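Please open the model in a viewer and keep the selection panel at hand. The stops below are meant to be followed in order.

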Amino acid sequence: MAEEDSAQEKTEEPTPKRQQKARDEGQIPRSKDLTTFAVLIASALGLMIFGSAMAQSLMRILVHNFSLTRDRLFDQNTMFSHLGLAFDDFFWASLPFFSVVVFAAIVGPTALGGILFSGKSLLPKFNRMDPIAGIKRMFSVRSLVELVKGIAKVSLVIAVAFLLLYLTKAELMGLARETLNEAVQHALDLCLWAGIALASSTIVIAMIDVPFQLWEHKKKLRMSRQDIKDELKDSEGKPEVKSKIRQMQMQMAQNRMMSAVPEADVVITNPTHFAVALKYKPESMSAPVLVAKGVDQIALTIRSMAKEHKIEQVESPSLARAIFHTTELEQEVPAGLYVAVAQVLAYVFQLREFRRGRGDKPSYPQVPDLPADMRY
């Protein structure tokens, strides 16, 4: 029992098929903290780069909307024209900033796990609607880890915020001694740099969360030895099914081969164990072609079919074995067997002419002299 339990432990690395199946189901590593860092840092840098243009646009909108003559103030169409101009001005001024933020919102999630479109992840999962299972998830180890992570993130951001206040307290107190324009500009600069610093602090959380998400994802995909065996069976098929398929394939191949025997010109036999059927059409073939071959029971079937269709049979044990071992179905016989096969075919063709009364009866072909590397 202990061995069975240990065998079921998910200690094996996931196979490529398991990884692809998980990906198809939408199970890929994602880091929310990496996305948060990307969006925050992009927003802070975007405000630093494009904030001036956006502020000038807002200033133009305020000036334009508060600079109204009495006639335009009582004109009902003024509101729509001012609204359209304000929207157009602010849209083009803020477009670069929002483009950067949207780009970061896309890159952040896809940086870990890549881009994935999976319809299966959109399907409702009714097991998540189980209240008992939901309570178990609330008090699970994962929920505890997420709680600790949340507390750690808030604590880190608060600590960085207090550090920034401590380091900039002299500049903050000095704002009171500056002119209004200088104080506003200085305060905005301080806010921008503070925002960048606070956003940058989240990279520490992301650097911890990304390896954790990769490790957790890999852990979820781990397989037991039994899982690997089952996957192998599913991929290659069960042994009995594979055996049946092979048997059917062999039967179909044998049927095709037997259907070609009536078209043969000669069947060369062992005479009992081997049988090979050759076909040769001088006008369309450069060499004789093997259309059927077999041993024992298949050889007997070939001989029976040859007798039934009046195909000439020639006993030549050495040549039958040589053709059987060196030639595949529907292939030409090797060049080393040309002479021996030519003698057999010449005998068969002359015998046909004799039976038609067009010549003398040929003598039975002698045992041909085969090359040394084709003797079996």
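Select E263 in this predicted model: with a relative accessibility of 44%, E263 counts as partly exposed. E263 sits in the loop between helix 11 (239–259) and strand 1, whereas K279 belongs to strand 2, so the pair links distant parts of the chain, 16 residues apart. K279 itself counts as buried, because its relative accessibility of 18% is under the 20% limit.

Next, select D265 and K281. These two form a salt bridge as well, with the closest N and O atoms 3.9 Å apart. D265 lies in the loop between helix 11 and strand 1, and K281 in the loop between strand 2 and strand 3 (289–295). D265 is buried at 4% relative accessible area, while K281 is partly exposed at 31%.

Move on to E312 and R355, whose salt bridge has its closest N and O atoms 3.0 Å apart. E312 is in strand 4 (residues 312–315) and R355 in helix 14, so the bridge ties together parts that are 43 residues apart in sequence. E312 is buried, with 18% relative accessible area; R355, at 59%, is exposed. The salt bridges come to seven in total.

Which residues touch the most other members of the largest nonpolar core? Select V266, I268, L278, L319, I323, L337 and V341, out of 23 residues in that core. Strand 1 (266–269), strand 2 (274–279), helix 13 (317–326) and helix 14 (338–355) each give two or more residues to this core, and helix 14 gives the most, seven. Centre the view on L278: beyond its neighbours within four places in sequence, its contacts include V266, I268, V289, V291, I323, V333 and V341. A second, separate core has 15 residues, among them V261, A264, I302 and M305.

For the surface, select V154, I158, F162, L165 and L172, which make a nonpolar patch of about 470 Å². Helix 7 (residues 141–167) supplies the largest share of the patch, four residues. L165 is located in helix 7 and is partly exposed at 49% relative accessibility.

Finally, display the whole protein chain, with its 14 helices and four strands. Of its 376 residues, 30% are buried. The chain exposes about 25,600 Å², and carbon and sulfur atoms supply 64% of that area.

Notes
Residues numbered from 1 in each chain as written. Predicted model: local features only at pLDDT ≥ 70, side-chain atom pairs only at ≥ 80, totals over all residues. Heavy atoms only, no water. Core = buried A, V, L, I, M, F, W, Y, C linked by side-chain atoms within 4.5 Å. Buried < 20%, exposed > 50% of the residue type's maximum accessible area, 1.4 Å probe, protein only. Contact = heavy atoms within 4.5 Å. Patch = residues over 30% accessible without salt bridge, like charges linked within 9 Å, V, L, I, M, F, W, Y side chains within 5 Å. Areas by Shrake-Rupley, 256 points an atom, 1.4 Å probe, with all protein chains shown as cover. Salt bridge = Lys/Arg side-chain N within 4 Å of Asp/Glu carboxyl O.
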